Structure formats: structure tokens, C-alpha cells
Amino acid sequence: MECTCSQYRAFDLDRRSIYKRIKATPAILKLLLLLAESGAAKLKLLQCPHCGQFWQTGREMTFGNGEYGFQVPAIIVEEWRQEPYLQPAAWMLYGVSQQSYYAANTFEPSDMPCGVAQCPNRAIRGSGVCEHHHIEQLQQFGLLRKRPEGRLFHPYNATAPA
Ligand SMILES: [Zn+2]
Ligand SMILES: [Zn+2]
């Protein structure tokens, strides 16, 4: 039997596409070989025995924590264990959160130095710290989504999707 890998290209980063992929994932994974599993999130690295394509899984609470599979570049298992690939849905949610935050807030530097020791930046108006540290604090307190961890791969790049 031929594999179905070529039917599944990188999915669009929108809710509908992600839910659709979650639904399709059990059937996709059935045809793949499990190479490794990683960490508390139980991410999986898999490979298609027919065409050799590598796959990884991701999960996102926002999407019901459903497991979804996506294609990734070939990788040595040990390297993957150290740093699995970025999860596309997490990347999308991060981009959306950043974008809506920046759309709703403007940052004007004040005359005061940033309150964080050694930071060379000026504090932004209405906050005791600079823009960078302001965002960092919001992320620490769970008010803004943290940049997701993971190895970047094509077609995703260092700029989060908006
Ligand atoms: Zn295949
Ligand atoms: Zn600062």
C-alpha cells in the first residue's frame, strides 16, 4: 500500500485546519513507525516506513489537547530528544497573542531608566521597566503567552505568524 504522506502538507495556521488535522491524526499515525517519545508532553517522533518522511506530534490545550501530527525534516533521534521541533499550533497562538497585545498597547519611552539592574534601556511610560522587560513580566505572570520552545523548521521562521 502506498502511504498518504503526500496528501498532508504543512497545514494552514488557523483553527479550522488545526481541528481538521487533529481529526485526521489517528489514521495518519497508524501508518507510521514510532522512533521516540519526549518529555512530559509525550511528543512523538515518527517516520513513514514507505517514503521515509519524518513526522512529529503536538498538543494544545486551546484545541482540546488533541494530538496532531505534522511533517518535519529528517533528524537524528538524539538531537530531536534534546530539542523537538516547534509545535505549529503553539506558534500560531503565540503570534496571535503578541499581535493583539501590540495592537492594543503602545510603548513610549520615558525619561526614567529601566528598573531592572544592568538594563541599559529606558523604562516605558506607565511602567517601571523597558518594553522588553515589561513583556517578560507579563509572560512570567501568565498574562501574555510565552514564546513556545522548539526547533524552528520550514515553513515556519523566526517571526511568529500574525
Ligand atoms: Zn510516507
Ligand atoms: Zn529593561
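1. Cys-119 is buried, at a relative accessible area of 14% (buried means under 20%, exposed over 50% and partly exposed in between, with a 1.4 Å probe and protein chains only). The model is predicted: local features need pLDDT of at least 70 and side-chain atom pairs count only at pLDDT 80 or more, while totals for chains, interfaces and linings use all residues. Residues are numbered from 1 along each chain as its sequence is written, chains are lettered from A and ligands numbered from 1 in the order in which they are written, and side-chain values use heavy atoms, leaving out hydrogens and water.

2. Cys-119 (SG) coordinates the zinc ion (ligand 2) together with Cys-114 (SG), Cys-130 (SG) and His-133 (ND1), at 2.0 to 2.4 Å. Donors here are N, O and S atoms within 2.8 Å of the metal (3.2 Å for Na, K and Ca); water is not among the atoms, so sites may look incomplete. Helices (H or I, at least four residues) and strands (E, at least two) are DSSP runs, numbered from the N terminus. His-133 is also buried, at 13%.

3. The arrangement at the zinc ion (ligand 2) is tetrahedral because its 4 donor atoms subtend angles of 102 to 114°. Four donors count as tetrahedral if all angles lie between 85 and 135 degrees. The ideal angle for four tetrahedral donors is 109.5 degrees. Along the chain, the donor spacing is C-x4-C-x10-C-x2-H.

4. The zinc ion (ligand 1) has Cys-3 (SG), Cys-5 (SG), Cys-48 (SG) and Cys-51 (SG) as its protein donors, 2.3 Å away. This site is tetrahedral, with angles of 103 to 114° among the 4 donor atoms, and the sequence spacing is C-x1-C-x42-C-x2-C. Cys-48 is buried at 3%, whereas Cys-51 is partly exposed at 46%.

5. Glu-67 occupies the loop between strand E3 (54-58) and strand E4 (68-72), and is buried at 17% relative accessibility. Its side chain makes a polar contact of 3.0 Å with that of Lys-44 (a pair of N or O atoms within 3.5 Å; within protein, one must be able to donate a hydrogen and the other to accept it, and residues adjacent in sequence count only if both atoms are side-chain atoms).

6. The domain assignment gives domain 1 (5-85) and domain 2 (90-140); such bounds come from an automatic or database assignment. Their centres, taken over C-alpha atoms, are 33 Å apart.

Note on methods:
Four donors count as tetrahedral if all angles lie between 85 and 135 degrees; four count as square planar and six as octahedral if opposite donors are over 155 degrees apart and all others between 65 and 115; anything else is irregular.
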